[in-house]
Amino acid sequence: MRHAEGQRRRLLAALLAAVALPASAAGVCSQPVYLSFDTGHMGVAPLVAQVLREQQVPATFFLANERTRTGGWSLDDQWAPWWREMAAAGHAFGSHTWDHHTWLADRPDGGFDTRPSMGPQAGQRQVLTAAQYCAELQRPADRFHAMTGQAMLPLFRAPGGKTSAALLQAARACGWQHVGWAQAGFLGDELPSDRYPNEQLLKKALAGIRAGDILVAHLGIWSRQDPWAPAVLAPLVAGLKARGFCFATLRDHPAYRAQLAGR
């Protein structure tokens, strides 16, 4: 068992070393993929940062104020230095709503039924007006600016990716554009480990991801027993580089680049 584990680690180390440089020798990302992370319990956040730093990979983070393993919150003062470090490293940042509000239904009055998983009404059905939903999007942006001195991109990801045409229109009206992910870009860290082991998730991602795909993972999922990061993240980055892909933030995604340039 130890011998096999040692071989696996040496193989991974060799693969990482072989692809440590960007995929394009000219420095131009010609076959980009867009790695993104939503917040979570933050337990793997330092390990994610380490992989991104060692592999020179930029990513986009979508921020909500989620409960952490240490009993605090992902946007509290304990994590502020981590967010400052990630901002200084050049990563990009968007909103994930403050209390992680999952859209449930549109209301005839133009509001929305949601269910926040965080905050004082966690787990309860809640009614938000369009203005209140916009305020939920803005709160992470305000907190991010307070922590880092940087402005958040006007991009958001609805929790669970659940939206409606009315919700997207309301968000656009207050300056926010939604970001989903590619089908192959769902990296599976939310799935149960016993049915979807890390090896299976890695194999599927390496086989399915194509240039231009937006990828999504999290900074810690409570229900997953076998942590996805860095066990899958490190070989995934290495494997995608070996296939000729490179990494970019959503600042450079063609669907958002023009809007962001016009800010």
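Helix 2 passes helix 7 in a right-handed crossing. The contact is made by Val48, Val51 and Gln55 on the helix 2 side. Helix 7 contributes Leu233, Ala234, Val237 and Lys241. Of the residues in this contact, 5 are nonpolar, 1 is polar and 1 is charged. The structure is a predicted model. In this model, the two axes, of helix 2 and helix 7, lie 10 Å apart and meet at an angle of about 25°. Helix 2 is therefore roughly parallel to helix 7, because angles under 35 degrees count as roughly parallel.

Helix 7 (233-242) also meets helix 6: the buried residues of helix 6 pack against helix 7. Helix 6 spans residues 198-208, and its buried residues are Asn198, Leu201, Leu202 and Ala205. Seen down the helix axis, these buried residues fall within an arc of 100°, so they line one face of helix 6. The face turned away from this buried side carries exposed residues. They are Glu199, Lys203, Lys204 and Ala207.

Helix 3 covers residues 80-88. Its buried residues are Ala80, Trp82, Trp83, Met86 and Ala87. They cover an arc of only 160° around the axis, so they sit on the same side of helix 3. After helix 3 comes Gly90, with a positive phi near 95°.

Most residues other than glycine have a negative phi, and most peptide bonds are trans. Gln56 is not a glycine, yet its phi is positive, at about 55°. Gln56 lies in the loop between helix 2 and strand 2. Thr97 is not a glycine either, and its phi is positive, at about 70°. Thr97 is found in the loop between strand 3 and strand 4 (101-106). Its relative accessible area is 0%, so Thr97 is buried. A cis peptide bond joins Ala229 and Pro230, with omega about 5°. Pro230 belongs to the loop between strand 9 (214-218) and helix 7.

Methods:
Residues are numbered from 1 along each chain as its sequence is written. This is a predicted model: local features need pLDDT of at least 70, side-chain atom pairs count only at pLDDT 80 or more; totals for chains, interfaces and linings use all residues. Side-chain values use heavy atoms; hydrogens and water are left out. Buried means under 20% relative accessible area, exposed over 50%, partly exposed in between (1.4 Å probe, protein chains only). Helices (H or I, at least four residues) and strands (E, at least two) are DSSP runs, numbered from the N terminus. The arc is that of the directions from the helix axis to the C-beta atoms. Contact means heavy atoms within 4.5 Å. Axes are lines fitted to C-alpha atoms, for helices over the stretch in contact, and angles run from 0 to 180 degrees between N-to-C directions. Angles under 35 degrees count as roughly parallel, over 145 as roughly antiparallel, 65 to 115 as roughly perpendicular and the rest as oblique. A crossing is left-handed if the near helix is turned anticlockwise from the far one by less than a right angle, and right-handed if clockwise. Ala, Val, Leu, Ile, Met, Phe, Trp, Tyr, Cys and Pro count as nonpolar, Asp, Glu, Lys and Arg as charged, and the others, Gly among them, as polar.
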